[in-house]
Amino acid sequence: STLSLRAGVSTYFFPPVRLPPRPRPRTPSGAPVNDRSNESLQIAAGVLSLIAPGLGHAALGQTKRAALIATGILGLFFSGLLIGGVDAVDSKNDPWWFVGQALVGPPVFAADWVNRSLSANDPAPTADQNWRDAKQPSREKSIAHSNEMGMLFITIAGMLNLIAVIDAFWNQTPVQKDRRGVVGSLEAGGR
């Protein structure tokens, strides 16, 4: 009974609003627009998205979207480097993580190159050498779970870039409506 009273009070103060049906967009010939009719395979945009996050969307003319994609993915990548250090990207010791990280693009390969060059210059300590006696601190992986968290951040950035690459590959042609509600594709000479 209290439920029906509450329902009655809420409908009294906030009556349901009935919206008129939205008219379907139509082409200049008067036929209804098929929502998937303006999708196409953009191979160049997909390849550009693999080269750098957001570059494929920028090539398609979607600059705001490209900036948001690049900011999100590269922000996650650099956050992972900040948390886990340069050795969060390691193709030699963590190859399965590197597969996902490599989807970010050239920044991951640059970080892996820096990690390998730093590892090559770091001499392995001998059995009789104590770490306190060393003139330089040896390069160890980050303490606790920060290295793992850095690897996870960078791998998630790679997975997000994979989604952006798929979106750039299979993208819709921009559609614009005129004052009458007629839809025209920008590629087909619409306004």
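Guide: Let's start at one side chain: that of Gln101 reaches the backbone oxygen of Ala88 at 3.1 Å. Keep in mind that this is a predicted model.

Visitor: Why is Gln101 called buried?
Guide: Buried means under 20% relative accessible area. Gln101 has 0% relative accessibility, so it counts as buried.

Visitor: Where is Gln101 found, and which residues is it in contact with beyond its neighbours within four places in sequence?
Guide: Gln101 is in helix α5, residues 95-101. Beyond those neighbours, its contacts are Ala88, Val89, Asp90, Val108, Met151, Ile154 and Thr155.

Visitor: Which helix has Met151, Ile154 and Thr155 among its buried residues?
Guide: That is α7; its buried residues also include Asn147, Gly150 and Ala157.

Visitor: How do you know that the length of α7 agrees with its number of residues?
Guide: Helix α7 covers residues 146-169, 24 residues, and at 1.5 Å a residue it should span 34 Å. Its end C-alpha atoms are 35 Å apart, so the two values agree.

Visitor: And what does the protein chain come to as a whole?
Guide: It has seven helices and four strands, in the order α-β-α-α-α-α-α-α-β-β-β. Of its 191 residues, 26% are buried.

How values were computed:
Residues are numbered from 1 along each chain as its sequence is written. This is a predicted model: local features need pLDDT of at least 70, side-chain atom pairs count only at pLDDT 80 or more; totals for chains, interfaces and linings use all residues. Side-chain values use heavy atoms; hydrogens and water are left out. Helices (H or I, at least four residues) and strands (E, at least two) are DSSP runs, numbered from the N terminus. Buried means under 20% relative accessible area, exposed over 50%, partly exposed in between (1.4 Å probe, protein chains only). A polar contact is a pair of N or O atoms within 3.5 Å; within protein, one must be able to donate a hydrogen and the other to accept it, and residues adjacent in sequence count only if both atoms are side-chain atoms. Contact means heavy atoms within 4.5 Å. The expected span of a helix is 1.5 Å times one less than its number of residues.
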